[in-house]
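Please keep the 3D view open while you read.

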Amino acid sequence: MKTILLHIHDDSGQESRLAVALHLAGLHGGHIACVQVAPVGLFTVDPYGGLNGLAAIIEAVREQDRLTRRSIEARLLSEGVSWDWKYFDGGAISTLITQARLADVVILSQPGHGGSSPKPLSIIGDVVLHARAPVLMVPGSDSGATSMFESRGNALVAWNGSAEAANALRMALPLLRHAATVHIVEVNADAAGLPSSDAATYLMRHGINAERHEWPAQGRSVSAALLNAVAELDGRTLVMGAYGHSRLRETILGGVTRELVAASNVPLLLAH
């Protein structure tokens, strides 16, 4: 993972995102592409003469962004990593999707989690379904996470034989090569496509040995069974395909993906 896209936003997940980006850059000799988006396009003109107030709000946003940039740039300089910075006005989702076209991974935070306000933006669904790079979701500090990211810990691959699961597996190869043990977990209540033996063979051809598990649902949802597998197998990262619906639906993420994004206490590598 040579190009690591880091979302810059002044929220409670920023420090954790930065720590993961620095870890990956050191692990892979990578470059951190910092993308900061100011939501000034969301402000509208006050029809009752509030232009001066609007200008003050926008300037306050930009000043906070400048402070955030100075702080993070100082950290990047002290770490001695390769990095660049891009600043945009407008929407975070569309900007990140565009900037991810030449990225190897996008680092975002678990939405709605964090020890303090403001909380990380709820943008994972849109980004993971439309970006051409996988999204590494960093869990919030209040999600029960014991470690932010352990590249040399055990990695779990959620497998159901789908195109999304296979795509996530391919995109996760740079991370899986560093894992202590790779576990391919297939929940027996999930829809079956390609067998997990095919996934294990694919990994073996890349020099990665994997253990296969048929995990019993035992009346639980697929997401609950996967989280149980993470706990039982001491997983430190979970790789899975992201499933989505039309924007006309209540949510663009499918049920299993949505539930894991909300409840996971380990980093999720998601790909569509």
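## A strand and its sheet

Leu6 stands opposite Cys34, a residue of strand β2. Keep in mind as you explore that this is a predicted model.

| Partner of β1 | Residues | Sense | Bridges | Example of a bridge pair |
|---|---|---|---|---|
| β2 | 31–38 | parallel | six | His7 with Val35 |
| β4 | 105–109 | parallel | three | Ile4 with Val105 |

Pairing of this kind in a sheet works through backbone hydrogen bonds, and it can be parallel or antiparallel.

How does the chain get from β1 to β2, and which hand does the unit have? Helix α1 (residues 14–28) belongs with the two strands in a β-α-β unit, and that unit is right-handed.

Now zoom out. The strands form an open sheet of ten, with mixed pairing, in the order β3-β2-β1-β4-β5-β10-β9-β6-β7-β8. At its edges are β3 (82–89) and β8 (210–215), each of which pairs on one side only. On average, neighbouring strands in this sheet are turned by 25° against each other, ignoring direction.

Helices pack here too. Helix α7 (residues 196–205) packs on the sheet and touches β7 (182–187) and β8, with its direction at about 165° to that of β7. Helix α8 (residues 222–232) lies across β6 (154–158), β7, β8 and β9 (235–241), and runs at about 150° to β7.

Conventions
Residues are numbered from 1 along each chain as its sequence is written. This is a predicted model: local features need pLDDT of at least 70, side-chain atom pairs count only at pLDDT 80 or more; totals for chains, interfaces and linings use all residues. Side-chain values use heavy atoms; hydrogens and water are left out. Two strands pair if DSSP finds at least two bridges between them. Helices (H or I, at least four residues) and strands (E, at least two) are DSSP runs, numbered from the N terminus. A crossover is right-handed if, with the strands pointing away from the viewer, the path from the first strand over the helix to the second runs clockwise. Axes are lines fitted to C-alpha atoms, for helices over the stretch in contact, and angles run from 0 to 180 degrees between N-to-C directions. Contact means heavy atoms within 4.5 Å.
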